[in-house]
Amino acid sequence: GGEKPLKGRRAIVTSGPTHEPIDPVRYIANRSSGRQGHAIARALAKLGADVTLVSGPVSIADPEGVKTIHVERAEEMRDAVLDLLPADIAVMVAAVADWRVATSSDQKIKKQPGDAPPMLSLTENPDILKTVGHHAHRPTLVIGFAAETQNIEENGRSKLARKGADLIVANDVSPESGIMGGDRNRVKLITRDGIEDWPDMDKNSVADHLARKITQMLETS
Ligand code: C5P
């Protein structure tokens, strides 16, 4: 209880996209802004947690009261997260690229007149949430996000099981929702006990409510 109910608790938060290099000047990325993940890191710190944020490339400032580690690629994010274990809480918010270029080029790929466009061969990236959810030093609470454009509840439930998570925060990232890159979010919380449907809120409010929810879940775990 009290004002700093998470005092003495260690939390890891991932946020932002990852950039997967094609060559030294080109990369594959996605539309994640990092706003929701950064807000969650700050909200946990406000409740007294010792928070380390592992952030992919974003254009927003490092949150106050939080130690921030900057990474580019999914593999770097995975290594940084695993180095931070053990922890009490892991909240994986980053939009990690599912695939990276199998063999990125050390040199800029040159466009030669008459040449066919290069073929990019992709390979799967490590699943950081799943790795943490099944780790020998698994945090007490493992939380993931599910950015979906359809079958949100169903996909969230299967994700909870597959990733070894305690809570999946599912949101609708279809372009009409304006959530990806936007200021607001509307989430459903999926646990083994059921589903909570939260109203539309700004991302800072979602973060504050989630930090409270995390506090409750830790107290009853
Ligand atoms: O499988 P999917 O990408 O939909 O899962 C989303 C959740 O898993 C998010 O919490 C995201 O941060 C996490 N994730 C991850 N590493 C990946 C892919 C997703 O940590 N390679």
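**Basis.** I am working with a predicted model, in which local features need pLDDT of at least 70, side-chain atom pairs count only at pLDDT 80 or more, and totals for chains, interfaces and linings use all residues. Residues are numbered from 1 along each chain as its sequence is written, and side-chain values use heavy atoms, with hydrogens and water left out.

**Largest pocket.** I took a pocket as an open set of points on a 1 Å grid over the protein atoms alone, with protein on both sides within 12 Å along at least five of seven lines; a lining residue has an atom within 4 Å of a point. The largest pocket holds about 1,000 Å³ of space, a volume being the space filled by probe spheres set on the points. Of its 41 lining residues, I noted Ala94, Ala95, Val96, Asp98 and Ala147 as the closest to the centre. I found 19 nonpolar, 13 polar and 9 charged residues in this lining.

**Ligand.** I asked which space the ligand takes, and the reply is the largest pocket; the criterion is that more than half of its atoms lie within 2 Å of the grid points. The surrounding residues (a heavy atom within 4 Å) include Pro126, Asp127, Phe145, Lys159 and Lys163. Helix 3, strand 9 and helix 4 each give at least two residues to this shell, where helices are DSSP runs of H or I with at least four residues and strands are runs of E with at least two. By class, I record 8 nonpolar, 1 polar and 3 charged residues in the shell.

I then listed polar contacts (N or O pairs within 3.5 Å). A ligand oxygen lies 2.6 Å from a backbone N or O atom of Met92, and a ligand oxygen is 2.6 Å from a polar backbone atom of Ala94. A ligand nitrogen is 2.9 Å from a backbone N or O atom of Ile128. On its own the ligand has 440 Å² of accessible area, of which the protein covers 86% (Shrake-Rupley method, 1.4 Å probe).

**Second largest pocket.** I found about 250 Å³ here. Its 14 lining residues include Asp166, Thr191, Asp193, Met217 and Thr220, the closest to its centre. Strand 12 (187–191), strand 13 (194–197) and helix 5 (203–219) each supply at least two of the lining residues.

**Cavity.** I counted 1 cavity of 30 Å³ or more, a cavity being a set of points where a 1.4 Å probe fits but cannot get out. Strand 1 provides the largest share of its lining, 3 residues.

How values were computed. Nonpolar A, V, L, I, M, F, W, Y, C, P; charged D, E, K, R; others polar. Polar contact = N/O pair within 3.5 Å; in protein donor to acceptor, adjacent residues only side chain to side chain.
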